[in-house]
Amino acid sequence: MKRKTGRTGKKRKKKSWLARIAMGILSTLFVLLLTLGLVGIVIYKSGEMSLKASASSAAPRLEVDEEEVEKIRESLGYNQSVAWQDDWITYDGKVYEYREDTLSFLLLGIDHSGSLSSETELSDWSAGQADTIFLVSLNQEDKALSVIGIPRNSLVDVEVFNSDKECIETIRDQICLQYAYAGGGRLGLEKMTESVSTLFGGLPIHGACAVSFDAVSVITDRLGGIEVVVPDDMTAYKSSYTQGSVQMLTGDNVVNYLRYRDMHTLGSPTVRLTRQKAFMKVAANRAIQEIKSNPAFVKDAYEAIKPYMNTDITVDEAVYIATKALDCTLSERSFYQITGEDRADYIDEDNYYNDYYLNEDELKKIMIDVFYKEVRISDR
């Protein structure tokens, strides 16, 4: 009997042809996904390696009570199984060691509109001041994020440079001025990083990012707006901004909200930093939610604010940081603000500089909490 090769044969050929197309599409998709996965891994590993190589892992140099150290060392002398380590420090009767796996980043908001150049310009020191200063720490061991607000008017040693990029003098002045006195750009970013590192006893800082007003507006809109509770009375600026009121910030009003302060009130920069810190809490959590739902958000946001940003953090590093941050806890206890005392340095009878004298003990306490872990001698 002859095999039938009519319509049934054609169906089989058609099915075979469709199967080959389907397999081809699946193979292409598989190769595409594999390629994207490999690219993601390469970007991730590239960011990881470059960040770890960007700063020393040496522990900060903190002042310690030598008598307390000696007392603890003597007690260890009776425990032959435990030897004192050179990088150990003591605080409040306990022993601590530096968390070497911690990554730290400096975030700066520059008093400047429009694009932010990476080129240093020292002709007139008009690069802008670092009005907002945050130190962000990523603790990889405990998977915790910490954000430390540094008052812009904190008194530190500031280096002043001439047009040949030579340091001509070092003066005691507000830390926000270091960016301008170094001409902004690469040198301004480098010197601000050094100033903050020195303030924290030589803390390794793995990257820095300075942004202009426009970058804040762009990010706020990309996050769909940020709803905040006004922490202080701002009715002098806008009648509806009463203390405790809920306000929606967008790209149009966020900059004025974050910049406003009563220039005639001593301590207004500190009050403003508290408001900026509250904004950071909401924005950071919103950003983490956005990244979880859209992994491409980091790269897209990076490219969107690139014209308004001066940074030594590459897009590869930004992707790595964001990936690690997603695994970390961000809570009310994650946010710190260095305390101190506002003092008026009068220029004349009616005008003064609002200087901030940091509380060194409180600064050390924050450092121990964020960058150190307790050494439990009994467990060793």
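Okay, hi everyone. Before we start, this is a predicted model, where local features need pLDDT of at least 70 and side-chain atom pairs count only at pLDDT 80 or more, while totals for chains, interfaces and linings use all residues. Residues are numbered from 1 along each chain as its sequence is written, and side-chain values use heavy atoms, with hydrogens and water left out.

Let's begin with strand E4, residues 130-139. Helices (H or I, at least four residues) and strands (E, at least two) are DSSP runs, numbered from the N terminus. In E4, 10 of the 10 residues are buried, so the strand is largely enclosed by the rest of the structure. Buried here means under 20% relative accessible area, with exposed over 50% and partly exposed in between, using a 1.4 Å probe and protein chains only.

So who are E4's partners? E3 and E4 run antiparallel, joined by 9 bridges, and E4 also pairs with strand E5 (residues 144-149) in the antiparallel sense, over 6 bridges. Two strands pair if DSSP finds at least two bridges between them.

Next, Ser104. You'll find Ser104 in strand E3, residues 102-110. Is Ser104 buried or exposed? Ser104 counts as buried, because its relative accessibility is 0%. Its contacts (heavy atoms within 4.5 Å) include Leu135, Val136 and Ser137, plus His206 and Phe371, not counting residues up to four places away in sequence.

Compare that with another serine, Ser245, which lies in the loop between strand E9 (226-229) and strand E10 (246-249). Ser245 also counts as buried, at 13% relative accessibility. Ser245 and Val229 are 16 residues apart in sequence, yet 5.6 Å apart in space, C-alpha to C-alpha. Leaving out residues up to four places away in sequence, Ser245 touches Val228, Val229, Val230 and Ser240.

Now the cysteines. A disulfide is a covalent bond between the sulfur atoms of two cysteines. How many disulfides does a search of the whole structure find? It finds 0, taking a disulfide as a pair of cysteine sulfur atoms within 2.5 Å. Cys176 is buried at 0% relative accessibility, and Cys328 is buried with a relative accessible area of 12%.

Last topic, pockets. On a 1 Å grid over the protein atoms alone, a pocket is an open set of points where a 1.4 Å probe fits, with protein on both sides within 12 Å along at least five of seven lines; lining residues have an atom within 4 Å of a point. Grid points are joined across faces, edges and corners, and a volume is the space filled by probe spheres set on the points.

The largest pocket has a volume of about 690 Å³. Its lining has 25 residues, and Thr198, Leu199, Gly201, Glu360 and Leu363 lie nearest its centre.

The second largest pocket has a volume of about 500 Å³. It is lined by 21 residues, with Gln174, Arg261, Tyr352, Tyr353 and Asn354 closest to its centre. E14 gives the largest share of that lining, 4 residues.

That's it from me, thanks!
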